[in-house]
Every structure is written in C-alpha cells, then in structure tokens.
Amino acid sequence: MAQEMVRKLNRFLIKQIPIFFLLYFFGCNQSYSWIETLPKPWELNEKEISNILPKFHKKFPDFHDRLKAFAIWQVGKPYELFCLGEEKGEDKDPIFRLDVSDCTVHILTSLASVQSHSWDEAKSKLIKIHYKPNTMGISIPTYKRRWHYKTDRIQDNFSTKYITT
C-alpha cells in the first residue's frame, strides 16, 4: 500500500514539475536578458547614459525591478575607493559617475539613476540622496554636508532609511 502511494506521488510530481518550471521561468521571473545587449555603463558618455535611462523605465516600470536591473548592469565595473566628491574644494572627484565605483557609490548611483531619465537628473537626484539639506531643505554638495556615515544614512536620510529592509 505504501509503495502504491509513493508511485502515485511520483507520477503526480513528474506531471507537475514541468508546469512549475514553465510558470516560474516565463511568468514569475523578470527577464534581464535585455541588459546583456547594452554596452557597459563605464564605457558610455553622459549623452549615451541619458539615452539609456528612459529605456530602463520602459523595460522595468516597477521601481524595485528597475533597481535590480540597473545593479545587474553595473556588474564588472572597475572598483575605486572614495570616488565621489563635490568637483571642487576638498574633494574634486565628480558628484556623479558611472565609470568606477565602490560599494557606497554603487548604491548611491543606482538609486539616483533608476529615479531619473537623464544624466543631469541622476546627478541632481544623487545630490539629494548624498548631501544633507540645509535649513531651507536644499541639498548643496559640500564636503561638510555630505552623509559620511552609514549610520547617518540609515537613521536620518529619507532616501536610504529603509535600504536594508
């Protein structure tokens, strides 16, 4: 009797597994193959990035899917520590860049880019994400107004407060 039940269960599973895989791969899994057709972001100029950003919105209308897709697109980017700055003053590195990255820059540029349709808009978004607003609520890129610590970003920055959830 037990052997008969095992046989019935096996027949049932053999019939159901292909259906499960078809549903998973064609229904529940977001396709990121389009990303593989794109040139790598670190090989592109500002205008080319501006042309691609709206396509991310069209291909991935959901914010979280777009963020994941953009992060995948950046895999393989050259690594460089402390590569964002204010373009003047104490830290002359660019405010926004996609040619090199470290862990923090990867998150900041991804968040800014997926909320934007152009290079300039992404740069403006990054300023709002990466710099503390002044008393009038305006974020101005200066070394002293930059969110320097992860704890500050998680506790006080509205853009990254729930990044770990």
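Residues are numbered from 1 along each chain as its sequence is written, and side-chain values use heavy atoms, with hydrogens and water left out. In this predicted model, local features need pLDDT of at least 70 and side-chain atom pairs count only at pLDDT 80 or more, while totals for chains, interfaces and linings use all residues.

The largest nonpolar core has 30 residues, of which I35, F56 and W73 touch the most other members. Such a core is a set of buried (under 20% relative accessible area, 1.4 Å probe, protein chains only) Ala, Val, Leu, Ile, Met, Phe, Trp, Tyr and Cys residues joined through side-chain atoms within 4.5 Å. At least two residues of this core come from each of α2 (46–59), α3, α4 and α5; helices are DSSP runs of H or I, at least four residues, numbered from the N terminus.

The contacts below (heavy atoms within 4.5 Å) leave aside neighbours within four places in sequence.

| Residue | Contacts |
|---|---|
| F56 | W34, I35, L38, R66, A69, F70, W73 |
| I140 | Y131, N134, R145 |

I140 sits in the loop between α5 (119–130) and α6 (150–156). Its relative accessible area is 42%, so I140 is partly exposed, the class between 20% and 50%. I140 is 13 residues from I127 in sequence, and their C-alpha atoms are 7.0 Å apart.

Another loop, between α3 (63–73) and α4 (103–114), holds F82. F82 counts as exposed (over 50%) because its relative accessibility is 65%.
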